[in-house]
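Please look over the sequence and the structure shown here before reading on. The report is meant for a reader who meets this structure for the first time.

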2 protein chains.
Amino acid sequence: MTNTEKINRLFEIMNERDAYMRTLGKLSFDMQCTAPEEGMERAGEDMAVLGQQLYKIVHSEEYERLIVELHENDDGLTDLQKKVIEHAYDAYSKTKNITPEFAYEMDMVSNQAYAKWLEAKSKNDFSIFRDSFEKIIENTRKSIDLREEKKATYYDSCLDDFEKGGNQQQLDKFFDSLKERIVPLMNKIVKEGKPIREDFLTRLCPIPQQEEFSKYLMEAEGLRKTATVLMTSEHPFTTNFGPKDVRITTHYFEDNFISNIFSTMHEGGHALFMQNEPDEFYAQHADNAMSNAMHECISRFYENIIGRSEAFIHFIYPELQRISGDIFSDVSERELYEAVNIARPSLIRTEADELTYCLHILVRYELEKAFINGEITVDEVPALWNKKYKEYLGIDVPSDSEGCLQDVHWASSYGYFPSYALGNAYGVQILRTMEKEFDVFGEVRNGNLIKILDWLKNHVFNCASVMDPDEWINHITGESLNVDYYLDYLEEKYSTLYGLK
Amino acid sequence: MTNTEKINRLFEIMNERDAYMRTLGKLSFDMQCTAPEEGMERAGEDMAVLGQQLYKIVHSEEYERLIVELHENDDGLTDLQKKVIEHAYDAYSKTKNITPEFAYEMDMVSNQAYAKWLEAKSKNDFSIFRDSFEKIIENTRKSIDLREEKKATYYDSCLDDFEKGGNQQQLDKFFDSLKERIVPLMNKIVKEGKPIREDFLTRLCPIPQQEEFSKYLMEAEGLRKTATVLMTSEHPFTTNFGPKDVRITTHYFEDNFISNIFSTMHEGGHALFMQNEPDEFYAQHADNAMSNAMHECISRFYENIIGRSEAFIHFIYPELQRISGDIFSDVSERELYEAVNIARPSLIRTEADELTYCLHILVRYELEKAFINGEITVDEVPALWNKKYKEYLGIDVPSDSEGCLQDVHWASSYGYFPSYALGNAYGVQILRTMEKEFDVFGEVRNGNLIKILDWLKNHVFNCASVMDPDEWINHITGESLNVDYYLDYLEEKYSTLYGLK
């Protein structure tokens, strides 16, 4: 068999693999957005059956042999095909020792854990989730034990799955820098910041109007209407089934209209990434291989850097007034801008402001590092969570629903949270590069977000899936991750906003 | 292997089979209710891949051998297990000669046809659907050619799939009886019927209010909230993934509020059937084997016999007034009852009244019988459709969207339509038996629909999946299908309503 024949045959198998992956994704989407309560358990079982088949495909002798052989000798492959082989080989080597039975068990546990987490959160009862939680951690460690490549810690292995090359040592330093400059800034705001008007933030805004505004924002961001779906779920997320079927979810709160606005902007950012990689990536199985921090960089770029800018508020202000009727007619553009940027220690990560957000991540980072590495048990998580919130954010956590049960992530995997913080930092670094080419906020002011999307397509989306994080940020900005851009940005923005200089 | 071991092993395979069937059902549901336009094609391809795997399972040597062997010797099996084997053997013998490649092709064509039909209908352009339509007919005939059991006509084979033992000869007589008595009754109404107030039927009723009313109706019918979902689609339908996940769709028209009411009642009837078979049926793969006429009998029982009765209108009237605010405040209970029963030749089957409904089915019956038997080509369908509507219903069809493209059915299969008409007739026959045991409309008047549901559970749902249609109706009512009950009911109801006696 020539290498051309091999890659063609491999791509055939990948087509089948992708059909199963998309199907499993749709079943999961259905569970989170559509299925009735009683249907959850059976849905989880069905996903496990399909997962077994997917397992068989990606562990078939032929599939693995083709990957190993093409990894050993990639003569005649295009650069893109070489990259696909590299990713496939990485996934292969990480899972080659996982048995079908264990893969099935992991799927079952993970699917059931989602239902348990939902119930535990709604009943504010950690004990409902406890056993599933423990079991997933156990399975995660067991699956890492089965890997050939050994890392210094279990958590390093988790991090590597989401952020190639990431490790605790680097992240400890990264979070230290954030802590050093964000905590004093936050304290200064609490003590000396000027008051910001916020009475209107809890005014009731009917859901149909919020939905209409979400659709307006999605169009403004540049999402293709005929290829994008908006639905609701407990925890907002974005998923896709190829570039032509991208799905965003949101969660409407009648008494918190800005929650939906920035959730939509955030998930819209993810959706733009999914919809705008180069065509050849989609055609050759190279898409969707960017790191999670790259993905979060874009979503948080749209949510915060663009979404919470003066320029963007100027642009959306008239439409917000039109759609909401007279609900906010007494609120000025400036008041809206200030209110969406209020910085204040709070309980819920997804509702956190741009400034304190990384402190929420810090808590999760320290906890998941500890329980994955076996330094604490799941039973210690609720109390430790509360202790750390007191320590870093200065607040008391009144319930586990608003504490360690608030996020869905721990019902499936660990090592993702740091990506949010890294993404914030990447975002500002990329902004500074983009600004060298055009007046970014001048375009935002006029609602010309397509200009930004085009730039991202040509500089960010076009290479993310084929580069490791460090290579990628260097390629775009000419240097490795430099957290100072982000911290300078925060200090400048919040000092001005709160009249601290 | 003992027979017990055999049936246990067979049930294991059936568990896997059912996981694929539910998954394919969910993908189809997603296409119809959620997926964006651009996602359709890829979704169809993915379904074909899963369909291939399902094909492999039900055509595996082991699965087929177990069925054949247990069919030859069913010693020691329970009656329920024997019935499961009988159904499985029937399905096996009908499809045993279909190759995997042909099965895959049929899936692909059928999935793409749905998208083509949607487009053709929305653009009122039959030519968009034409090729898919022809291809599905061709595939249907080809698949019948591959069966061992030969019937007198191709259409007899189609009918047998939906209504075991059904054939053209019987149906020709059945439809003749309906035509003989319904057409003169309709003509009399047109000439001599008293006028019925209908000005309010096209008043705008906002969709959120219609949605709230749908949910009220579903609860009144006795559907379990935690196991039932309501969504929207182009053409209303019901589907389920086990008894704990039943899904109804509707289509809201702001200017036609009763359309949603009776669509919900109809699909709700299907949903009740899916949710209330005996537990052991679900556990032993015996559920969901009722004929389509049995299913339509229940849906149309709830839609028409209950839903359009004076007693039911009396029951829902106060809630309709409450939910709709002042929209219908000038409409009396009597006026509402009369208006929802207006009988008049019309274009759209799903909007047709109880009296003329069977004439819509008659048109479809005659056409699909002709094109499946090769007596006409697909190109003749639009004109013939219009000719028959003129002949039987006396009306001109202005466009194919409102003509032969109105229903989704022909984008997938043939032989289903007669079930609606048979279901109507079964329904009244069952009503007359039920009335011997309690005052049915007295209970409806008080909103006590649970009493009816309980009776149906104990007399109708408990045996439908394990009996052929003739056996079933005899078991419930003590006699074979007798169309006179239905025709007497129609004459009585409509003569009174229109003051003809």
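What follows is a description of a predicted model, beginning with a whole chain and ending with a single residue.

**Chain A as a whole**

Chain A holds 21 helices and 3 strands. Its radius of gyration is 23 Å, close to the 23 Å that the globule rule gives for 501 residues, so chain A is as compact as a globular protein of that length. Taken along the principal axes, the C-alpha atoms of chain A fill a box of roughly 70 × 50 × 45 Å. Of the 501 residues in this chain, 45% count as buried. When contacts in chain A between residues at least 6 apart in sequence are considered, 72% of them join residues at least 24 apart.

**The strands and a helix of chain A**

Strand S3 of chain A, residues 246–250, is mostly covered, since 5 of its 5 residues are buried. The cover extends to both faces of S3(A): A:Val246, A:Ile248 and A:Thr250 are buried on one side, and A:Arg247 and A:Thr249 are buried on the other. As a general point, the side chains of a regular strand alternate between the two faces of the sheet.

Strand S1 of chain A, residues 228–232, runs parallel to S3(A) and is joined to it by 5 bridges; within this pairing, A:Met231 has A:Thr249 as its bridge partner in S3(A). Strand S2 of chain A, residues 238–240, pairs with S3(A) in the antiparallel sense over 3 bridges, and here A:Thr239 stands opposite A:Arg247. The hairpin of S2(A) and S3(A) has 5 residues between the strands, and in it A:Gly242 takes a positive phi near 85°.

Helix H10 of chain A, residues 257–275, is mostly covered as well, with 18 of its 19 residues buried.

In chain B, an open sheet of 3 strands has the order S1-S3-S2, with mixed pairing. Strand S1 (228–232) and strand S2 (238–240) of chain B stand at the edges with a single partner strand each, so one side of each is left without a neighbour in the sheet. From one strand to the next, the twist averages 20°. The pairings of both chains are set out below.

| Strand pair | Sense | Bridges |
|---|---|---|
| S1(A) and S3(A) | parallel | 5 bridges |
| S2(A) and S3(A) | antiparallel | 3 bridges |
| S1(B) and S3(B) | parallel | 5 bridges |
| S2(B) and S3(B) | antiparallel | 3 bridges |

Individual residues can be followed through these pairings in chain B. B:Thr232 has B:Thr250 as its bridge partner in S3(B), B:Thr238 is partnered in S3(B) by B:Ile248, and B:Asn240 stands opposite B:Val246. S2(B) and S3(B) form a hairpin with 5 residues between them, and B:Gly242 in the turn has a positive phi of about 80°.

Is S3(B) enclosed or left open by the rest of the structure? 5 of the 5 residues of S3(B) are buried, so this strand is largely enclosed by the rest of the structure. B:Val246, B:Ile248 and B:Thr250 point one way from S3(B), whereas B:Arg247 and B:Thr249 point the other way, and all are buried. Helix H10 of chain B, residues 257–275, lies across S1, S2 and S3 of chain B and runs at about 165° to S3(B).

**Where the chains touch**

The contact between the chains takes 26 residues from chain A and 26 residues from chain B. On the side of chain A that touches chain B, helix H1 (3–33), helix H2 (40–58) and S1 of chain A each supply at least two residues. The largest share of that side, 7 residues, comes from H1(A). Sorted by class, the side of chain A that touches chain B has 9 nonpolar, 7 polar and 10 charged residues.

**A residue in a loop of chain B**

B:Val397 is found in the loop between helix H16 (381–393) and helix H17 (417–435) of chain B. B:Val397 counts as buried because 20 other C-beta atoms lie within 10 Å. Leaving aside neighbours within four places in sequence, B:Val397 is in contact with B:Leu347, B:Trp385, B:Asn386, B:Tyr389, B:Glu402 and B:Gly403. The C-alpha atoms of B:Val397 and B:Ser480, which lie 83 residues apart along the chain, are separated by 37 Å.

Conventions. Residues numbered from 1 in each chain as written. Chains lettered and ligands numbered in written order. Helix = DSSP H or I, 4+ residues; strand = E, 2+ residues; numbered from the N terminus. Buried ≥ 20, exposed ≤ 12 C-beta atoms within 10 Å, placed from the backbone. Contact = placed C-beta atoms within 7 Å. Pairing = 2+ DSSP bridges. Axes fitted to C-alpha atoms, helices over the stretch in contact; angles between N-to-C directions. Nonpolar A, V, L, I, M, F, W, Y, C, P; charged D, E, K, R; others polar. Rg over C-alpha atoms; globule rule 2.2 N^0.38 Å.
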